[in-house]
Amino acid sequence: MSNGLVNIRDQKFVLFEQLGVDKLFAKGKYQDYTVEDVNMLLGEAEKMAVNEILPTYSLGDQQGCTFEDGQVKAPPCFHEPYKKFCEAGWNVAYRSPEAGGQGMPLSVFYACAELFNAANFPFVMYPGLTCGAGGLIEKYGTEAQQRKYMDKMYTGQWGGTMCLTEPGAGSDVGALKTRAKLLPDGSYQITGTKCFISSGDHDLTENNIHAVLARIEGDPPGTDGISLFIVPKIKVNDDGSLGDPNDVLTGNIEHKMGIKGSATCTLNFGEEENCIGELLGEERAGMAIMFNMMNEA
Ligand SMILES: Cc1cc2nc3c(=O)[nH]c(=O)nc-3n(C[C@H](O)[C@H](O)[C@H](O)COP(=O)(O)OP(=O)(O)OC[C@H]3O[C@@H](n4cnc5c(N)ncnc54)[C@H](O)[C@@H]3O)c2cc1C
């Protein structure tokens with residue numbers, strides 16, 4: 001019977017007959033996969049989409065996101081499926097097993113993601129952005145940054161975002177004004193405002209790790225002078241426990257015509273000059289690094 005979301009027969013035609021994904025299983029990192037595995041994964045994705053995510057489609061839009069006393073809440077109906085989605089490993093399905101992912105071929109995951117996205121795209125944005133931001137730390141972060149941030153993002157315990165856009169810098173991202181000042185201990189003081197940040201604040205996770213584009217003091221204008229910083233909502237102690245709030249305040253959420261279950265936030269970094277970020281990758285390589293995430297989005 002049709003699942004009402006995606007035609008699975010069409011998906012299998014594209015995967016096996018058009019793309020020939022089974023050729024990937026001949027050798028190399030996917031050699032333990034079989035066609036039966038792919039069929040099984042599609043079946044499990046279909047169950048997750050139809051039984052857990054789809055029931056939140058209309059309800060999530062009706063409940064919407066709320067912003068009270070400086071705290072954003074995601075639609076209440078998202079909480080239970082978010083837990084199940086992460087427990088089943090769908091949030092990091094195509095990340096490497098060494099980093100905590102499921103190691104699924106990207107083409108197979110995208111077929112599964114088509115089901116999830118059709119069931120409720122605003123819901124999927126929360127784990128999707130976290131996987132994307134965590135992926136930047138997996139690829140460009142130090143071992144210490146991976147243990148401190150990525151591990152908990154990949155389990156779904158913490159969320160993640162991409163912070164590019166500012167009130168005066170949308171398409172022209174090189175015009176951004178968010179600043180980073182080097183501190184004696186090697187960390188950076190972050191100051192600036194980002195807007196339209198998807199999953200910018202919510203209560204699905206206990207912390208939110210922002211990937212923030214900013215310009216280090218003295219660096220050139222335009223995109224060549226932009227660096228990328230890991231900026232947690234709540235500071236993280238060396239032992240991994242949560243510390244003090246990191247002076248990242250939500251200014252507001254957008255009241256949109258659609259995808260109302262997705263929290264689109266204005267975030268103010270460092271209004272009290274107490275927002276600390278860690279450089280991710282090389283100085284002035286921020287745009288190139290961020291494109292890894294944008295290309296996955
Ligand atoms: C629902 C939603 C979620 C978002 N989530 C995120 C997020 O998670 N993180 C994030 O950083 N940003 C996010 N954004 C912001 C998004 O990336 C920006 O809206 C986008 O970059 C465009 O910027 P802008 O809105 O300032 O529009 P502008 O840049 O002002 O563009 C307005 C119009 O002018 C056109 N235009 C711009 N420049 C030119 C030009 N040189 N020549 C011709 N036409 C031009 C554009 O095509 C557009 O039609 C989100 C936006 C929305 C709506």
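In this predicted model, the lining of the largest pocket is made up of 18 nonpolar, 5 polar and 1 charged residues. That pocket has a volume of about 560 Å³, and among the 24 residues that line it, F121, G128, L129, E296 and A297 lie nearest its centre. At least two lining residues come from each of α5, β5 and α7 (286-296), with α5 giving the most, 13 residues. Seen by domain, the lining of the largest pocket takes at least three residues from domain 1 (8-64 + 71-137) and at least three from domain 2 (143-296).

The second largest pocket has a volume of about 310 Å³, and it is lined by 14 residues, of which K29, Y30, S96, P97 and G103 are the closest to its centre. By class, the lining of this second largest pocket divides into 7 nonpolar, 2 polar and 5 charged residues.

A search of the whole structure for cavities of 30 Å³ or more finds 1, and the largest cavity has a volume of about 50 Å³. Its lining consists of A133, L136, I137, M153, I209, H210, A211, F229, I230 and L280, and the elements that contribute two or more of these residues are α5 (106-140), β6 (207-216) and β7 (226-232). In class terms the lining of the largest cavity holds 9 nonpolar residues and 1 polar residue, with no charged ones.

Surrounding the ligand are M162, C163, L164, T165, G170, S171, F196, I197, S198 and I259, a shell with 6 nonpolar and 4 polar residues but no charged residues. Both β3 (158-163) and β5 (188-198) supply at least two residues of this shell, and β5 gives the most to it, with 3 residues.

For M162, by contrast, a polar backbone atom is the one found 2.9 Å from a nitrogen atom of the ligand. Taken on its own, the ligand has 970 Å² of accessible area, and the protein covers 39% of it.

Definitions and conventions: Residues are numbered from 1 along each chain as its sequence is written. This is a predicted model: local features need pLDDT of at least 70, side-chain atom pairs count only at pLDDT 80 or more; totals for chains, interfaces and linings use all residues. Side-chain values use heavy atoms; hydrogens and water are left out. A residue is near a molecule or strand if one of its heavy atoms lies within 4 Å of it. A polar contact is a pair of N or O atoms within 3.5 Å; within protein, one must be able to donate a hydrogen and the other to accept it, and residues adjacent in sequence count only if both atoms are side-chain atoms. Accessible areas come from the Shrake-Rupley method with a 1.4 Å probe; for residues, only the protein chains shown count as cover. Helices (H or I, at least four residues) and strands (E, at least two) are DSSP runs, numbered from the N terminus. Ala, Val, Leu, Ile, Met, Phe, Trp, Tyr, Cys and Pro count as nonpolar, Asp, Glu, Lys and Arg as charged, and the others, Gly among them, as polar. On a 1 Å grid over the protein atoms alone, a cavity is a set of points where a 1.4 Å probe fits but cannot get out, and a pocket is an open set with protein on both sides within 12 Å along at least five of seven lines; lining residues have an atom within 4 Å of a point. Grid points are joined across faces, edges and corners, and a volume is the space filled by probe spheres set on the points. Domain bounds come from an automatic or database domain assignment.
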